[in-house]
Amino acid sequence: MLLSVFLRTIHLIYFKFCWYTARVSKGALSSVVALGANIICNKIPGLAPRQRALCQSRPDAIIVIGEGAQLGINECQYQFRYGRWNCSALGERTVFGQELRVGSREAAFTYAITAAGVAHAVTAACSQGNLSQCGCDQDKQGYHDQEEGWKWGGCSADVKYGVEFSRRFMDAREIKKNARRLMNLHNNEAGRKILEERMKLECKCHGVSGSCTTKTCWITLPNFREIGNLLKERYSDAVQVEPVRATRLRQPSFLRLKQARGYQKPTDTDLVYLERSPNYCEEDRATGSTGTRGRLCNGTSSLADGCNVMCCGRGHNTHHYTRVWQCNCKFHWCCFVKCNTCSEKSEVFTCK
Ligand SMILES: *[C@@H]1O[C@H](CO)[C@@H](O)[C@H](O)[C@H]1NC(C)=O
Ligand SMILES: *[C@@H]1O[C@H](CO)[C@@H](O)[C@H](O)[C@H]1NC(C)=O
Ligand SMILES: *[C@@H]1O[C@H](CO)[C@@H](O)[C@H](O)[C@H]1NC(C)=O
């Protein structure tokens, strides 16, 4: 996958860059930093101009951004592991994986989850002191709620910073002034909003033998799986929209629900799509579908992972194999373990 190559490239270049900067005197440092950032950022393929500029001003953040996008893609592959569409696509390759050309609900999901992934990774990096211009949330310090008797303590995750960074970087790739731009921006924002809504308050009691005379609380990031699960629900309830052109301007200026009367806009956390999805059965360059040939399927399930659905009626191949493992292990006095060898005939199915 291109993204992992991208990550390896920037790690390698960044490593060299740090090595260089460590070896030069302070006076020469700033020019070397500028030079290093130029080298890193010019080697990353497919960045939009504003992304390249942000990369050059914040080369430390670009690594975290790459890791955040990977977090999103991994979660996408997990969520869709049993689907005909498994989060991969043919066609246009970008640093954020491969992009779907059709403005479908699957495209909506990938935008939301990568935008949330970047916000999540940047926020986590800030909390751990890995980025130079951010840290713990400064607003959440000192007393907060005197009546309840707790105060802010520890490190509260600065999700506002992470979200703003994701917005600046991820939204900068939308350079075409078309309906798809509005769709992508909406879904980016929905992913980040869902992350913000899921931030958690954690508290700890202090006092003699577990009494809670004082309590400190802080904000933490949710596990990213939780965001993946929520976005999967949003994907199922995604709404179809159409662009509305403001008078006299040719550019689409906002989106409204397609099957609604009047101008009803989608809500902030709706995932929105413009076009119906292909069925993802066959490989098709025009839609970006990889098809399901060769995919593993379940011979007994009647759900999406079952061979009937997954293979789109083309049928499946059966592969027999024998699984061998150590079993019935007994401990003998003293001191050895004796096991039997068990085996089981097993089969897997793949789509024709
Ligand atoms: C912060 O940096 C440390 C050391 O390089 C690394 O192990 C850790 O994973 C980083 N954390 C984040 C959230 O990027
Ligand atoms: C998704 O399915 C395609 C087509 O069968 C396959 O080539 C690809 O490796 C799969 N990707 C993942 C992440 O499983
Ligand atoms: C196949 O599906 C059945 C029924 O949904 C399930 O019980 C079984 O564990 C699945 N098998 C595999 C190999 O995933």
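Helix α4 passes helix α8 in a right-handed crossing. Here a crossing is left-handed if the near helix is turned anticlockwise from the far one by less than a right angle, and right-handed if clockwise. This is a predicted model, in which local features need pLDDT of at least 70 and side-chain atom pairs count only at pLDDT 80 or more, while totals for chains, interfaces and linings use all residues. Residues are numbered from 1 along each chain as its sequence is written, chains are lettered from A and ligands numbered from 1 in the order in which they are written, and side-chain values use heavy atoms, with hydrogens and water left out.

**Helix packing**

α4 spans residues 59-79 and α8 spans residues 224-236; the two pack at about 55 degrees, with axes 10 Å apart. That angle makes α4 oblique to α8. Angles under 35 degrees count as roughly parallel, over 145 as roughly antiparallel, 65 to 115 as roughly perpendicular and the rest as oblique. Helix α7 (residues 179-197) also packs on α8, at an angle of about 130 degrees and with the axes 10 Å apart. α7 is therefore oblique to α8. The crossing of α7 and α8 is right-handed. Axes are lines fitted to C-alpha atoms, for helices over the stretch in contact, and angles run from 0 to 180 degrees between N-to-C directions. Helices (H or I, at least four residues) and strands (E, at least two) are DSSP runs, numbered from the N terminus.

**Ligand sites**

A residue is near a ligand if one of its heavy atoms lies within 4 Å of it. Around ligand 1 sit Ala124, Ala125, Gln128 and Asn130. The protein covers 40% of the 370 Å² of accessible area that ligand 1 has on its own (Shrake-Rupley method, 1.4 Å probe). Its shell has two nonpolar, two polar and no charged residues. Ala, Val, Leu, Ile, Met, Phe, Trp, Tyr, Cys and Pro count as nonpolar, Asp, Glu, Lys and Arg as charged, and the others, Gly among them, as polar.

Ligand 3 has Asn298, Thr300 and Ser301 around it. Here the protein covers 28% of the 360 Å² of accessible area that ligand 3 has on its own.

The table gives polar contacts, meaning pairs of N or O atoms within 3.5 Å.

| Ligand atom | Protein atom | Distance |
|---|---|---|
| Ligand 1, nitrogen | Gln128, side-chain N or O | 2.7 Å |
| Ligand 1, oxygen | Asn130, polar side-chain atom | 2.3 Å |
| Ligand 2, oxygen | Asn86, polar side-chain atom | 2.4 Å |
| Ligand 2, oxygen | Arg293, backbone N or O | 3.4 Å |
| Ligand 3, oxygen | Asn298, side-chain N or O | 2.3 Å |

**Backbone geometry**

Two cysteine sites deserve a look. Which peptide bond is cis? The bond from Cys334 to Cys335 is cis, with omega near 20 degrees. Cys335 lies in the loop between β13 (316-332) and β14 (336-351). Cys87 has a positive phi of about 80 degrees, although it is not a glycine. Cys87 belongs to the loop between α4 and β1 (93-94).

Definitions and conventions: Polar contact = N/O pair within 3.5 Å; in protein donor to acceptor, adjacent residues only side chain to side chain.
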